[in-house]
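Here is a short briefing on one protein chain. Please keep the sequence and the coordinates open as you read.

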Amino acid sequence: MILYQNEKHALIGIFGSSNQKTGSMIQTWIMDKEDKEGAGCKDCTSLDLCYVFQGKNSVQKKMSRGGYEELSTDLSKKRVRVGTYGDPSVFPLSVWKDLNIKKHTGYTHFWRLPHVQEYKSFLMASVETLESYHLAKELGWRVFYNMLDVYTGLVSIEQVQSEINAIECPNATDELTCYDCLLCDGSKRAKDIFIHPHGGKLSKKNALTTIEKSREQDRELIKALLLNQEVFIHA
């Protein structure tokens, strides 16, 4: 069903997921209406590593033929994966709040941008490097750290362990589903989460490309902070 839409984007909710990692959470697909791709995806640092493709074709086809109805529903008693595909920040935070979501997981790759700072109370910052981890913490985010720099040998796991206050994703350590865990909620007062890189597109080449994109955006963020500290809302 279509949970919300505007002229450019549609928020599609898929019920009854069989995803083994997330469990039966409602999956939310944030789609660009024009090209039927994930909204915001083309500017994402992790585009080269994205593995959300298993359900992508069916969602695109159904959307193209107008197969999703726009329906209002109360999500307060549901568990929601915010941003299965597409970045949640393409919508104002008020859109998600209006859906009355109480239990959810969610991340944004656009945590560096000024207008996305309001999402700190809802999403986690998704980062690929230790450098980005520290920048996101400076801005007041809880962080989900996909350790690409460890995977590529640029940073040691010992250095990571000495510098961050985080736990490994409970799905990896305890086989706990996201449905049962729900730690990846920006509003929670809990440790950050790290995870070892995974997915069908993972390779050293793609990882290094992603790291370079991340570093470039980090440099832009640092420049913006130096030029105008008031651009960003700190915790």
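Helices here are DSSP runs of H or I, at least four residues long, numbered from the N terminus. By that numbering, Gln217 sits in helix α8. The model is predicted.

**Gln217**
- Gln217 has a relative accessible area of 22%. Buried means under 20% and exposed means over 50%, so Gln217 counts as partly exposed.
- Leaving aside neighbours within four places in sequence, Gln217 is in contact with Asp43, Thr45 and Arg112.
- Leu49 is 168 residues away from Gln217 along the chain, and their C-alpha atoms are 17 Å apart.

**Helix α1**
- Helix α1 spans residues 56-64, and its buried residues are Val59, Gln60 and Met63.
- Seen down the axis of α1, these buried residues fall within an arc of 100 degrees, so they line one face of the helix.
- An α-helix has 3.6 residues a turn, so residues three or four places apart point the same way.
- The cover over the buried residues of α1 includes β2 (9-14) and β3 (26-32).

**Nonpolar cores**
- The largest nonpolar core holds 40 residues. Those that touch the most other members are Trp96, Trp111, Tyr119, Val127, Trp141, Tyr145 and Ile164.
- Elements that give two or more residues to this core are β3, β4 (79-85), α2 (93-98), β6 (124-127), α3 (130-138), β7 (143-146) and α8 (204-227).
- Helix α3 gives the largest share of this core, four residues.
- A second, separate core has 11 residues, including Ile2, Ala10, Met31 and Met63.
- Which residues does Trp141 touch, not counting those up to four places away in sequence? They are Thr108, Trp111, Val116, Gln117, Tyr119, Lys120, Leu123, Met124, Ala125 and Ala136.
- In soluble globular proteins, nonpolar side chains tend to be buried together.

**Cavity**
- The count of cavities of 30 Å³ or more comes to one.
- The largest cavity holds about 90 Å³ of space.
- Of the 14 residues that line the largest cavity, the closest to its centre are Lys21, Cys169, Cys178, Cys181 and Cys184.
- β5 (103-108), α6 (170-174) and α7 (178-181) each supply at least two residues of this lining.
- The lining divides into 10 nonpolar residues, three polar and one charged.

Key. Residues are numbered from 1 along each chain as its sequence is written. This is a predicted model: local features need pLDDT of at least 70, side-chain atom pairs count only at pLDDT 80 or more; totals for chains, interfaces and linings use all residues. Side-chain values use heavy atoms; hydrogens and water are left out. Buried means under 20% relative accessible area, exposed over 50%, partly exposed in between (1.4 Å probe, protein chains only). The arc is that of the directions from the helix axis to the C-beta atoms. Contact means heavy atoms within 4.5 Å. A nonpolar core is a set of buried Ala, Val, Leu, Ile, Met, Phe, Trp, Tyr and Cys residues joined through side-chain atoms within 4.5 Å. On a 1 Å grid over the protein atoms alone, a cavity is a set of points where a 1.4 Å probe fits but cannot get out, and a pocket is an open set with protein on both sides within 12 Å along at least five of seven lines; lining residues have an atom within 4 Å of a point. Grid points are joined across faces, edges and corners, and a volume is the space filled by probe spheres set on the points. Ala, Val, Leu, Ile, Met, Phe, Trp, Tyr, Cys and Pro count as nonpolar, Asp, Glu, Lys and Arg as charged, and the others, Gly among them, as polar.
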